[in-house]
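Take a look at the chain shown here. This report walks through a sheet, the whole chain and the disulfides.

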Amino acid sequence: MTAGATGVVAKDSDPFEIQVSAGCEVLPGNTSQSFFQAAFQGQEILSFQGTSWVPAPSAPAWADRASRKLNEDQGTRKTLQLLLNDTCPLFVRDILEAGKSELEKQVKPEAWLSTGPSPGPGRLLLVCHVSGFYPKPVWVTWMRGDQEQRGTRRGDVLPHADGTWYLRVTLDVAAGEAAGLSCRVRHSSLGGRDMVLHWGSPTGLIAVAVLVSLVITGCVGYLTLKRRCSYQNIL
């Protein structure tokens with residue numbers, strides 16, 4: 001983790017720029033490395049190393065005098081040591097620990113096949129739905145054997161309310177050429193094994209059957225409600 005600041009200070013009509021870069025890096029083995037560097041007009045002039053200020057090798061002569069003056073202030077030096085060597089590494093470790101569970105989170109996708117609106121006479125729009133996966137990166141495509149289908153169209157990866165993701169991938173094919181096609185899903189949660197759904201398999205047929213049953217149920221419900229309203233009007 002690093003932190004930096006840049007400021008421009010004007011004195012009369014002669015402005016000058018002071019740049020400060022400070023921070024720490026957490027290393028393996030519960031160790032850390034900190035830094036604090038200062039530059040004047042884009043040139044490094046001094047840095048805080050260990051317990052004291054040290055002028056940069058190419059710094060002007062006045063940087064040596066400035067570092068000696070700063071080293072006389074023991075209170076500021078001790079405060080800087082505490083911030084760089086204790087507070088900063090502790091802060092970084094807390095952030096890493098808080099985000100560890102999120103970084104390691106893996107949720108396997110669910111996938112199913114269906115058809116979309118017909119692209120035209122004698123053609124089918126095959127749809128591969130992939131839902132509920134995390135993290136976001138995912139690879140999905142339509143295949144015939146080991147060959148990726150060039151007509152595959154990938155939609156946007158959309159978020160669910162629970163933080164997982166959804167993707168819809170389509171393929172426009174002639175109705176007679178749908179047999180033998182499959183949708184292949186590759187995601188980090190699957191442990192290196194792809195998920196493959198074959199068009200015409202029970203999974204795909206079930207998805208289509210569910211859609212058809214929903215349409216039929218809706219029609220029956222509508223007719224039943226309409227009939228009840230008719231009886232009420234008669235009574």
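## An open sheet

In this predicted model, four strands make up an open sheet. Their order is E9-E8-E13-E14, and the pairing is antiparallel. Strand E9 (147-148) and strand E14 (195-198) are the edge strands. Each of these two pairs on one side only.

Look at one pairing in detail. Strand E8 covers residues 139-144 and runs antiparallel to E9. Two bridges join E8 to E9. Across this pairing, Met143 stands opposite Glu148 in E9.

## The chain as a whole

Step back from the sheet. The chain holds three helices and 14 strands. It has 235 residues, and 29% of them count as buried. Its accessible surface comes to about 15500 Å². Carbon and sulfur atoms account for 57% of that surface.

How many disulfides does a search of the whole structure find? The search finds two. With bonded cysteines counted along the chain, they follow the pattern 1-2, 3-4.

One of them is formed by Cys24 and Cys88, with sulfur atoms 2.0 Å apart. This pair links distant parts of the chain. Cys24 sits in strand E2 (residues 14-27), and Cys88 sits in helix H2 (residues 74-104). The two cysteines are 64 residues apart. Why is this disulfide left-handed? It is left-handed because the torsion about the S-S bond of Cys24 and Cys88 is about -85°.

Are these cysteines buried or exposed? The cut-off for buried is under 20% relative accessible area. Cys24 has a relative accessible area of 1%, so Cys24 is buried. Cys88 is at 14% relative accessibility, so Cys88 counts as buried too.

## The disulfide of Cys128 and Cys183

Cys128 and Cys183 also form a disulfide. Their sulfur atoms are 2.0 Å apart. The link is left-handed, with -80° about the S-S bond. Cys128 lies in strand E7 (residues 123-133), while Cys183 lies in strand E13 (residues 181-186). The pair therefore ties together parts that are 55 residues apart in sequence. Strand E13 is also one of the strands in the open sheet described above.

Cys128 has a relative accessible area of 0%, so Cys128 is buried. Cys183 is at 0% relative accessibility, so Cys183 counts as buried as well.

Definitions and conventions: Residues numbered from 1 in each chain as written. Predicted model: local features only at pLDDT ≥ 70, side-chain atom pairs only at ≥ 80, totals over all residues. Heavy atoms only, no water. Buried < 20%, exposed > 50% of the residue type's maximum accessible area, 1.4 Å probe, protein only. Areas by Shrake-Rupley, 256 points an atom, 1.4 Å probe, with all protein chains shown as cover. Pairing = 2+ DSSP bridges. Disulfide = S-S within 2.5 Å.
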